[in-house]
Amino acid sequence: SPWQPVLLLLSPPAFSTTCARCAKDRRLRQKRAISERQLTRYFVDQRKVRVVGGQGGDGGHSFHSEPRKVFGGPDGGNGGDGGHVIFKADQQMKSLSSVFRFYQGFHGERGGSKNCYGANGAHMYVKVPVGTLVKEDGEVVADLTQHGEEYIAAYGGAGGKGNRFFLSNENRAPKLFTPGEPGQERVLHLELRTTAHAGLVGFPNAGKSSLLRAISRAKPAVAAYPFTTLNPHVGIVHYQDYEQVAVADIPGLIKGAHQNRGLGMAFLRHIERCRFLLYVVDLSVPQPWIQLQDLKYELEAYEKGLSERPCVVIGNKVDLAQSRINLPLLREQVAERVIALSALTGDNLEELLLHLRELYDTYVKTEQSRGQSPVKW
């Protein structure tokens, strides 16, 4: 039929990404290229913020007077309360770069005559990414892990009392009124820890960024020369039943990362919130299982029990000749499941996607059995 080629073009893409043609199509569907140096300007995972609540409005001072009622008594109303400064977790925010270093709440209005109260100051809402820790003097005071979750960073001051408030039998014409109280002032440290289901863990140039580009629409920078990713990237893997699994590309670790060498603990903390880990090793190097042992050592030295989370070992660069020789040796040395693939050509990506879904389903069932709601994207 002459319409057959057109129908093939309009049909939805297949789930399989094993063939090289599908992998090439993924590379063609890309965004504007942004270098890692440019990305450092957009991604900020720490911010020191000074917050001051709004000042309360002063109380009113007036006396009522009208024809045939000259001594109407005091009628100064109370001032309005100052507005709070509130941090609110927003799923659309991915960085702390848009958070300013100072926030001042709105002030309350002064009390008026005729017992009119001043209006309360509006609350100042500051959007922060999901997974933001709020610290004060080194102690965690809030952990915003759910979309829409709020934390009052600074309370607004109470409004002052008008002279009507001090009316009594002993004082029929009070002239006393109080000013509004100043708002709460605090210096807080915001720390972003990436919230994702899976974390790609590996040494520099193991192919984590290329793998994330192959299984999602995230576009971390890759190049033909060796360099390391400077910022964590989160890619979303979409499935046919509309489930979404978030995979984080954690910047490459080096030996001694738990001692803050290299990128160090600045990005090790992003692994803490990952529910399961994907260890990416380079199959083309001699004794690739040594990489896995070093990675587990660094994670365990940073946080005890971190390396014992559900995981799978991904042997990347299987398209190279040396990798095919090292693959059976790696499977003999490690007890975990090993998935051999090539992020460059797209070989065997389907096995990874299916196993990733199995890990996600296990995580969801575990959270539901505990009576907790799993993280959804």
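Q: Where is D137 found?
A: D137 is in the loop between β5 (132–136) and β6 (139–144). Keep in mind that this is a predicted model.

Q: Is D137 buried or exposed?
A: Exposed, because its relative accessibility is 72% and the cut-off for exposed is over 50%.

Q: What about phi of D137?
A: Phi of D137 is near 55°, a positive value in a residue other than glycine.

Q: What do most residues other than glycine have?
A: Most of them have a negative phi.

Q: OK, what phi does N115 have?
A: N115 is not a glycine, yet its phi is positive, about 60°. N115 belongs to the loop between β3 (102–104) and β4 (124–129).

Q: How accessible is N115?
A: N115 is partly exposed, with a relative accessible area of 38%.

Q: Switching to strands. How many of the residues of β11 are buried?
A: Five of the six residues of β11 (residues 244–249) are buried, so the strand is largely enclosed by the rest of the structure.

Q: In which sense do β9 and β11 pair?
A: Parallel. β9 (residues 198–201) pairs with β11 over three bridges. Within that pairing, G199 has A248 as its bridge partner.

Q: And how many bridges join β10 to β11?
A: Six bridges, and β10 (residues 233–238) runs antiparallel to β11. V237 stands opposite V245 of β11.

Q: What's in the hairpin of β10 and β11?
A: There are five residues between the strands, and Y242 takes a positive phi near 70° there.

Q: Now S307. Where does S307 lie?
A: S307 is in the loop between α6 (289–302) and β13 (311–316).

Q: Buried or exposed, that S307?
A: Buried. The relative accessible area of S307 is 15%, and buried means under 20%.

Q: What does the side chain of S307 make a polar contact with?
A: The side chain of E300, at 2.5 Å.

Q: Which residues does S307 touch?
A: Leaving out residues up to four places away in sequence, S307 touches Y279, K296, L299 and E300.

Q: Aromatics next. How many aromatic pairs does the structure hold?
A: The structure holds three. One of them is Y360 with Y363: the ring centres are 6.4 Å apart and the planes are at 50°, so the pair is tilted.

Q: Why about one helical turn between Y360 and Y363?
A: Because they are three residues apart in helix α8 (residues 349–369).

Q: Are Y360 and Y363 buried or exposed?
A: Y360 is buried, at 1% relative accessibility. Y363 is buried too, at 8%.

Q: Which charged end sits over the ring of F165?
A: That of K161, 5.0 Å from the ring centre. Elsewhere, the charged end of R357 sits over the ring of Y239, 5.2 Å from its centre.

Q: Last, the whole chain. How many helices and strands are there?
A: The protein chain has eight helices and 14 strands.

Q: And how much of the chain counts as buried?
A: Of its 377 residues, 47% count as buried. The accessible surface comes to about 20,100 Å², and 53% of that belongs to carbon and sulfur atoms.

Q: What about contacts between residues at least 6 apart in sequence?
A: Of those contacts, 74% join residues at least 24 apart.

Conventions
Residues numbered from 1 in each chain as written. Predicted model: local features only at pLDDT ≥ 70, side-chain atom pairs only at ≥ 80, totals over all residues. Heavy atoms only, no water. Helix = DSSP H or I, 4+ residues; strand = E, 2+ residues; numbered from the N terminus. Buried < 20%, exposed > 50% of the residue type's maximum accessible area, 1.4 Å probe, protein only. Polar contact = N/O pair within 3.5 Å; in protein donor to acceptor, adjacent residues only side chain to side chain. Contact = heavy atoms within 4.5 Å. Phe/Tyr/Trp six-rings, centres within 6.5 Å; stacked < 30°, edge-to-face > 60°. Lys NZ or Arg CZ within 6 Å of the ring centre and 35° of its normal. Areas by Shrake-Rupley, 256 points an atom, 1.4 Å probe, with all protein chains shown as cover. Pairing = 2+ DSSP bridges.
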